[in-house]
Amino acid sequence: MSDLLDELNSEQRAVAEQTEGPLLVLAGAGSGKTRAITYRIAHLIETHRVAPWSILAVTFTNKAADQMRERVARLLASRREQSPESMSGEGATPAAGADGRAKPLISTFHALCVRILRREIEALGYSRDFAIYDEDDQTRLLKACLNDLGLSDKLFTPRQALSRISYAKNQGISPEEMYQTARDSDTETLASIFGRYRDRLRAANALDFDDLLLKTVELFEKSVELADSYSRRFRYIHIDEYQDTNRVQYRLIRQLTRTHHNICAVGDEDQSIYRWRGASIENILRFEEDFREAKVLRLERNYRSTQVILDGASAVVSNNRARKGKNLWTERRTGRSIGVYQAGTAEGEAEFVAGEVAAALGANPNASVGVLYRTNAQSRLFEEAMRARRIQYRLVGGFSFYARAEIRDALAYARLAFNQRDTAAFLRIINTPPRGIGETTVAQIQALSRENRLTLWEALEEMLVRGKEGPMRTARALASFHALIQTLAEEGKRLRMAEFFRSLLDRTGYLAMLKDQNTPEAEGRIENLLELVNAVAAAEEAGENLTAFLDRAALVSDTDDYDERARVTLMTLHSAKGLEFDSVFLAGLEEGLLPHKMSMDDDAGLEEERRLCYVGMTRAKDRLVLTASATRRFWGEEGRRNTHRSRFLDEIPDKFTERLSSSGRVETNWQGAFNSRESVEQFLRTTGFESRLKPSRISAPIPAGSKWRRGNRVRHPKYGIGTVIACEGEGETEKLTISFPGYGAKKMLPHFATLEKA
DNA sequence: CAATATCGGGTTTTT
DNA sequence: CCCGATATTG
């Protein structure tokens, strides 16, 4: 049988072979670090005969974990095929997994902690059926805390407070510590909000994202024996993206490696982009002090990008001081220069990118393209430009499936059935669908729970006992709600999961409510709910129980359902980490946007912005284009503001770049026409005039001359078939008034709405 | 109590 | 521009 490690380069091979003791791998972008780790794991199992279950690999995203898991499985499977005789005892292995084999544990930090806590959390006084609060639950709870303390949300918006609390938690700071070290009264107030928030979380038997890590660390601190038993179980530990670990994660790593020092930390200080979430680049810079016997290996050969892309990216990031420094190289000596395009308007920038994307896909329909930007708000213009050109794209970010209201409602019912202390779930669905339990009644329940230290559920039961105090119909509504949840709780134990969810949607009247609404939106929601039932059925088949399913639903993020097959992907720079594309368009290289104005004031913040830029640039395999706009409109305000080109653009030596002009890519006449309009606008601006040009007919990427007339029958994806009753405007601003039976008249822009002739 | 109309404020990045 | 929070009405 061939040697497994022959498939690695010498640097990667050294990583795989260094199996004992602490190892820090400084892996540049595109240097095959995942490859090195997966081979290392396979090597441990195959050559060193290490039991798979004693191997742990921790990543930050579910996607990275899935990917690594799959690659390890594939690697091991292909090796077995090569030597079938060595596997004659197949199926008889005692600790066999579902497919007949034990597997290494490859998981995110959060999922690992949930796993541990579901077994052990009782030692901290929580019950094992604790709820996991996501951002939405957290915000609601925080608002309630502000209310409790009689604070308006003027001083801190719930979001602000939450982000500061989260930061503190990730630093391992308690409310008491925050109060004691507070230097101003605002921070003192915040500390009291923090304290109240913590107490209410605990009363709800709930953990937020940060708690998942924090409580695990607390647990291990409380019982060293327990920590050691986990440490002994996980004899070989791998940490991916080590540069993004925060202090709490760091403590957890120390606890897990207490009985051995077999830690393989892989990271790249140049790709540390989560400082704002408490990630501390120090962890990677200090590794050798933390683990004295540490070996340090570097992966500097890049397999992804062309040399000129690497040179440009390196030129930018080399302006940072806080780094170990490295020299990325590739054998891909030839390649196009980095394109730089300066548009007059943000719309023009998006148009240009869409045009280039179309050209790239025209040359190679299978090319992958990433359109990357700093803030989610930038996505809209790119979406519109893509749609106008009929380019299929996939948007990462925004609302994920599990964040949709109807899905969260359904999950809240399941959560409440499962754990009646779950306050967030309780409040979410107590009157959804409307069942006659309004604000006043809910406030009464809350008051009762506060006064008597009851959970909301217990307070509800108390109200039922007292019965007649309130109006009769309220009492009946409460009783029927109570009975509903009890039925669901009972069914949750008895029924198969998919059945349970189907029954839940039915019994709660949720589906009926949506059906009654009889709107296209409601139909979409119904479809989503059916999709949820499918997901539940799939989970059931995979052997997941209800808790495991709810845990997973709580921990999935938008980036996770990113689909490799989509040719064009729109996403933020943060979401793009770990991905690669044949062509990358990095947009909005303007001061205030990249670097972002919120973090360009101090050096540390600015360096992180620079790393963000670096991450974006190094996603590109063949083609990298950086774009900026001379003006930009903020929050839909009337006028446009002038911008300044990003300092990062100036950090790239000219020899690596080529200036792109729109004329260089003209394929059809109207594109040229569009650009000439843009240049007129720019001229007017420089001479001090606001452009009065209406978006011209020729500028519209959709062929000019309206295809819509009064009386046309049209089909809309949401509203179905309708009749055009009025037309106004032309080109991009053409507006139709369409009457849809059942929905009345709607005004819409055919430029954006997907309308077909029916 | 629920459904509709109006107003004001808000965007950095996310497990 | 889009969202939620508030006021008003049925």
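Good morning. I begin with Trp276, which is exposed, at a relative accessible area of 51%. The model under discussion is a predicted one. Tyr274, by contrast, is buried, with a relative accessible area of 14%.

The structure holds 10 aromatic pairs. In one of them, the ring centres of Tyr274 and Trp276 are 5.6 Å apart and the planes stand at 50°, so this pair is tilted.

Because Phe501 belongs to helix 22 (residues 497-507) and Phe549 to helix 25 (residues 546-555), the pair ties together parts 48 residues apart in sequence. Both Phe501 and Phe549 are buried. Tyr242, Phe287 and Phe291, in turn, make up one aromatic cluster.

Six strands form an open sheet with parallel pairing, in the order 3-2-6-7-1-8. Strand 3 (105-108) and strand 8 (295-299) stand at the edges with a single partner strand each, so one side of each has no neighbour in the sheet. On average, neighbouring strands are turned by 15° against each other, direction ignored.

Strand 1 (residues 23-27) pairs with strand 8 over five bridges, in the parallel sense; there, Leu26 has Arg298 of strand 8 as its bridge partner. Helix 2 (residues 33-46) packs on the sheet, and its direction makes about 170° with that of strand 6. Helix 4 (residues 109-120) lies across strand 2, strand 3 and strand 6, at about 110° to strand 3. Thank you.

Key:
Residues are numbered from 1 along each chain as its sequence is written. Chains are lettered from A and ligands numbered from 1 in the order in which they are written. This is a predicted model: local features need pLDDT of at least 70, side-chain atom pairs count only at pLDDT 80 or more; totals for chains, interfaces and linings use all residues. Side-chain values use heavy atoms; hydrogens and water are left out. Two strands pair if DSSP finds at least two bridges between them. Helices (H or I, at least four residues) and strands (E, at least two) are DSSP runs, numbered from the N terminus. Axes are lines fitted to C-alpha atoms, for helices over the stretch in contact, and angles run from 0 to 180 degrees between N-to-C directions. Contact means heavy atoms within 4.5 Å. Rings of Phe, Tyr and Trp (its six-membered ring) pair if their centres lie within 6.5 Å; planes under 30 degrees apart count as stacked, over 60 as edge-to-face and the rest as tilted. Buried means under 20% relative accessible area, exposed over 50%, partly exposed in between (1.4 Å probe, protein chains only).
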